[in-house]
Amino acid sequence: MHLNAKTGVFICKCGDCIEPLIDLNGLKNSIKDHADYCDILTQPCLTPGMEQIISAISQHNLNRIIVAGCDGRIMLKKFEKALEPLDILKGQVDMVNLRSHVAAVSDASPEQKAKKSEKLIKAAMADMKALVPTELERAKLDGPVAIVGNGIGAFPAAQKLITAGVECVLSLETCDPKKIISSLKRSYPGERQHYDRVKQMVEDVLGNEKLTIMADSRLKKLIGVTGDYTMVIEDSQGNENFIKASMIIAALDAKLYPPGPEFGHDGQTVLIQPEMEAQIDQMGIPKGDVVFWISDYEYGTPDFAGLSTKSAWSMAKHIKEASASTQIIIFYNQMMTLPLSATERGLSRKLGISWVPYDKAVRPTVQDGYITFCHLKDHVEHEISWDFLVLSPRRAIRGQEQITARRLGFIHKETPFLTGHHAKVRPEMIGREETYIVGSARYPCDLQETLNQGRKAGNKNAEMVEKSNKLQLFIPRNVCVVDPTKCVGCGQCQELCDCGGIGVSEYPGGGLPRMVDPMVCTGGGTCAAACPYNALVLQNNSTDQREARVATLSKLLEPGEVVSLACVWGGLPAADHAYSKKLTYDPAIHILGVPCVGQIDPSVMARAFLDGAPGLILIGCDPEECHHSFGIDHAWNRVNLIKKLFSLCGFDRRRIALAHADLNKPEEFVKTANAFTALIKALGPIEKTQANQDKLKSIYHLCKDNNRIRTLLSAALRRPGEKTYRGDQKHALAFDKDFNQALEEEYDYPESALFEEDTSGKGVLYV
Amino acid sequence: MRYLQGILQIRCCPDHIREIAVIEFKINDKEVKAREGWTILETAKEYGIDIPTLCHHPAVAPTGSCRLCMVELREGDWSKLVASCIYPVKKGITIYTETPKVHNVRRWILEMLLASCPASEEIRELAQKHGVISTRFSVHDPNQKCLICGLCQRVCEEVVGLSAIAVLDRGVHKKVGAPFLRPTDICVGCGSCVTICPTDAMQEIFDTVRGKPELPLSQLA
């Protein structure tokens, strides 16, 4: 597409925020000869400036644009949008933040600031030069949308899809509406007001001729990616059917199951809510006093107490309305706030349902016919008598649902629910998470929410199909791709990635190359940097680009200056906000933004030192707050790798550091920046002897090409709280020692380093 | 692409201001050239003429809510005050940015802002620059920094693509915060609102907007 990169650099005066503080003419002169075009604009972000950029692009055929102005986090999108009609796509435009990171943060002279700006811009230019832009690719969605799993969310989704005129295949275990409703009661007890309505909907959907229904079937295997799935569906006779589908919606509901023996559950008198629902169904209103115990706090899942209370309240209301003489008590932990509206409270008083809170400090105990609890008023243990004790259910994804979820590739780790990935990123980065999983298996919710999720999924899938038919559906630009010639099928990436975007292209098995579903990938890139064989590449934002950027900056650094890689969720905004708060810090720190510190390959870190940087600091989010897949933890592991290698080579381990910044605490960021630059200034540069260079070269090659170390690095990630260790690694120390051992074995000692005493430079040289 | 190039060749002449579609008018008696689609504010900035603004940011569409960028527009015998950030350029008009009329309205606005967000240093500095040092209006909340310009809500919607911040209530109760004033999971915590805030009010509000993740990561591992 663009064989020759032609870079245009546009420097912004930004009113009086940049111009008087930085010597822009000097800056332009130093950039001019290296770029294909360079200009100073008054306000590139406003219409007049934008028109100037567009005219410069068409006159000089520019295909890489760098705007040196302010925060790319909020401005970049405007440039991308404006330049898209000119074939300058996402990834081909970049911004360097002169205003927040250079102009105002120190009291250096305008000339010095111009020097710093020049370094940052040149680094961005190198990045752009290394960019291999991909073509804008259309996503094709051929074939029907398939709905699998037995969740109730399948029906509203199917309904919406049929209404939108989208072909739809529904795979169900049973097609009997009665059975469907009775299983619905098991998953969503007490939602009496919805049952008839849902039954009507189920009958409507099942009776619809446009829908293809596969009765008595379950999903056996799924292969492929969005737009081209092949499902293997097994019917009751064990026959396998192959079905093509463009997209999949999984409708899965969590299982409600009884708690452990300490609650005295017997299924007859002490029972859980769904069992009570079944009893009401079969035997009518229970005769005798009923106590609903909201026992979720005792299960250690207080988050679900609200849901259980709603079900209990709804069932209590139903019983009381049918038989006024029945005594009903709803018994709850004092910690809980009751999820009742004022009208509901009024109704509850009118019906005579009593709500009894108990002291959280004393756990109620179940006895035959009684339950003992500590009263809040007098702290005396009281008793409530019951004929039926109804407990909250425990909730988790289990049984057939779990199997289906695993076959769909949703489960990578043992979690109670399928919250999907926890990535907290901008909506355009999430491919289609919302569109493929509905129901309480995702996270416990009530029936209304599940039905809504179903409708939403149906609508969104229909929208995507429509877009694809109009040829307007595009594959996101920043996604990972696998080079099948390099991939050995170790599956490391699949294990790391929790956006669920990585799978195998054929039947699951050993050693098959992985493939990425571009419509699901969030572009976090931690997986790409962790690939032991460099087979995964993050398109339009590759490791090569970052390496080029870091290398160029490192070469240009003067003594005492350091490179900093800051993530756009933590370090970078913290630096931006330091500007808004008019804070100043040591200008020796040169900040390069990255989407996530997890994207930084260890070879990029090593490259900084190889090219002369005396120090490198990675500034990411707070641990636990990584917006992608544990990127910060991987970065931690990689930083430690470099530290270990530095120890091995006799360099100071403190030259590389990982820092955490909260975007709302710029003062802390300033402390971090100042402390690290001060440390590096005290340490001085790494002496540029041949031996040192050779050592750094060895480190770099080990980080980049050594498959064993890279495998260890990605496989051995330990989160601080984890307690199990593989093989004969008993604890954290044993694991670390083993890692060190491996490094010592793999590290290729350069010969020059072995003859370090020979400082004349004429000794044996490592080539 | 070729089609576009065609358009561009017409639209973008070498000195970037095309002879045919140029709109000529005057700002402070100085001849300026603009093009269709520009606003008065954009033209003024291009020519280095300073107009104070608060709710204007290039990343989002202008709404003209703070009224600080008011300028006097004279056309024939008519004179009126317009918000320069949303007023499109027109041939033959004359704009004055520093007349007594403009100064008067600016000072009123600044005085009102001093009363509504007295804790903001930025507002105080700006007011001082325009000679406003005290306010005649009653101060309701001496710690208020937010001027409810709505930039945070707009950036969340237009740039990030979410609606994690809303302008809540109306009239004197109007405020900015998460929907229903509860930390929300919609917020991804990108901090765009904090960056764009013209005062640093959002820094405090931000922590009441971003929610904690549904499941802490330590539980997922």
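User: How big is the second largest pocket in volume?
Analyst: The model is a predicted one, and in it the volume of that pocket is about 1,700 Å³.

User: How many residues line the second largest pocket, and which lie nearest its centre?
Analyst: The lining has 48 residues, and those nearest the centre are A:Asp16, A:Cys17, A:Arg99, A:Tyr579 and B:Thr53.

User: Which helix gives the most to that lining?
Analyst: That is α19(A), with five residues. This helix covers 571-580 of chain A. From chain B, α4 (121-129), α6 (192-196) and α7 (201-209) each supply at least two residues.

User: How do the lining residues divide into nonpolar, polar and charged?
Analyst: There are 22 nonpolar, twelve polar and 14 charged residues in the lining of the second largest pocket.

User: Different topic. Where is B:Gln153?
Analyst: B:Gln153 sits in helix α5 of chain B, which runs over residues 151-160.

User: Why is B:Gln153 called partly exposed?
Analyst: Because its relative accessible area is 22%, and partly exposed covers values between the 20% limit for buried and the 50% limit for exposed.

User: What does B:Gln153 touch?
Analyst: Leaving out residues up to four places away in sequence, B:Gln153 touches B:Ile165, B:Ala166 and B:Val167.

User: And what separates the C-alpha atoms of B:Gln153 and B:Pro118?
Analyst: They are 22 Å apart, with the two residues 35 residues apart along the chain.

User: Now chain A. Which domains is it divided into?
Analyst: Domain 1 is 1-133, domain 2 is 145-254 + 397-469, domain 3 is 257-393 and domain 4 is 480-538.

User: How many Å apart are domain 2 and domain 4 of chain A?
Analyst: Their C-alpha centres lie 26 Å apart.

Note on methods: Residues are numbered from 1 along each chain as its sequence is written. Chains are lettered from A and ligands numbered from 1 in the order in which they are written. This is a predicted model: local features need pLDDT of at least 70, side-chain atom pairs count only at pLDDT 80 or more; totals for chains, interfaces and linings use all residues. Side-chain values use heavy atoms; hydrogens and water are left out. On a 1 Å grid over the protein atoms alone, a cavity is a set of points where a 1.4 Å probe fits but cannot get out, and a pocket is an open set with protein on both sides within 12 Å along at least five of seven lines; lining residues have an atom within 4 Å of a point. Grid points are joined across faces, edges and corners, and a volume is the space filled by probe spheres set on the points. Helices (H or I, at least four residues) and strands (E, at least two) are DSSP runs, numbered from the N terminus. Ala, Val, Leu, Ile, Met, Phe, Trp, Tyr, Cys and Pro count as nonpolar, Asp, Glu, Lys and Arg as charged, and the others, Gly among them, as polar. Buried means under 20% relative accessible area, exposed over 50%, partly exposed in between (1.4 Å probe, protein chains only). Contact means heavy atoms within 4.5 Å. Domain bounds come from an automatic or database domain assignment.
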